[in-house]
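Colleague: I would like to go through a structure one feature at a time, with the general idea stated before the case. Please pick a starting point.

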Amino acid sequence: MSPRWEPDPNIRRGRHVVFNLHAHLVFTPKYRRSVFTDAILTRCEQIMRDTCDKFGAELVEFNGETDHVHLLVHYPPSLTLSTLVGSLKGVSARLLRKEFSAHIRQYLWGDHFWSPSYFAASCGGAPLAIIKEYIENQKRPES
């Protein structure tokens, strides 16, 4: 490689691909209920980080407010975003309902946790630092 070439940690390589794909995702609970506390957001982040790892993706940033969560995900081109979203929402819903059932039951009923809708935006037009700062500055609820 050229000595002038500086490696970029955001550019990842596969056997036949070089990529830098980021997505900004927003999930809301069913009926946009204010179900999240600091403890639930902390656990939700752990669950989503583990789920991303299993898919070869990286959860770059995570935060939220009482009624929604934001994620910045770095993912490989072999992974469809809808598959990743389905797993993130499915795994987190199951585990959060199991671990925080008494609290969640006050806000949500039935077997649903997440709204079936979600927001997804590819990140490339806006600098990633701006998106990351936006997510970091979410008004996280206090314990």
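Modeller: Start with R32, which sits in the loop between β3 and α1. Helices (H or I, at least four residues) and strands (E, at least two) are DSSP runs, numbered from the N terminus. This is a predicted model, in which local features need pLDDT of at least 70 and side-chain atom pairs count only at pLDDT 80 or more, whereas totals for chains, interfaces and linings use all residues. Residues are numbered from 1 along each chain as its sequence is written, and side-chain values use heavy atoms, with hydrogens and water left out.

Colleague: What is the phi of R32 near?

Modeller: Phi of R32 is near 50°, a positive value in a residue other than glycine. Y31 also has a positive phi without being glycine, near 60°. Y31, too, is placed in the loop between β3 and α1.

Colleague: Why does R32 count as partly exposed?

Modeller: The classes are buried (under 20% relative accessible area), exposed (over 50%) and partly exposed in between, with a 1.4 Å probe and protein chains only. R32 counts as partly exposed because its relative accessibility is 44%. P77 is partly exposed because its relative accessibility is 44%. P77 belongs to the loop between β5 and α2 (81-99). Between the C-alpha atoms of P77 and S34 there are 34 Å, and the two residues are 43 apart along the chain. For the protein as a whole, buried residues make up 38% of its 143 residues.

Colleague: How many helices and strands are there in the protein, and in what order do the elements run?

Modeller: There are four helices and six strands. Read from the N terminus on, the order is β-β-β-α-β-β-α-α-β-α. The C-alpha trace spans about 60 × 30 × 20 Å along its principal axes.

Colleague: Which way do the residues of β5 point?

Modeller: In a regular strand the side chains alternate between the two faces of the sheet. In β5, H68, H70, L72 and H74 point one way. V69, L71 and V73 point the other way. Seven of the seven residues of β5 are buried, so the strand is mostly covered.

Colleague: Which strands pair with β5, and in what sense?

Modeller: Two strands pair if DSSP finds at least two bridges between them. β3 (residues 22-29) runs antiparallel to β5, with six bridges joining them. In that pairing, A23 stands opposite V73. β4 is also antiparallel to β5, over seven bridges. Across from V69 in β5 is G64, and E58 has H74 as its bridge partner. A hairpin of two residues connects β4 to β5.

Colleague: What lines the largest pocket?

Modeller: A pocket is an open set of points on a 1 Å grid over the protein atoms alone, where a 1.4 Å probe fits, with protein on both sides within 12 Å along at least five of seven lines; lining residues have an atom within 4 Å of a point. In this model, the largest pocket is lined by P9, N10, H22, E58, V60, L72, H74, L128, A129 and K132. Two or more of its lining residues come from each of β4 (58-65), β5 (68-74) and α4 (128-136). α4 gives the largest share, three residues.
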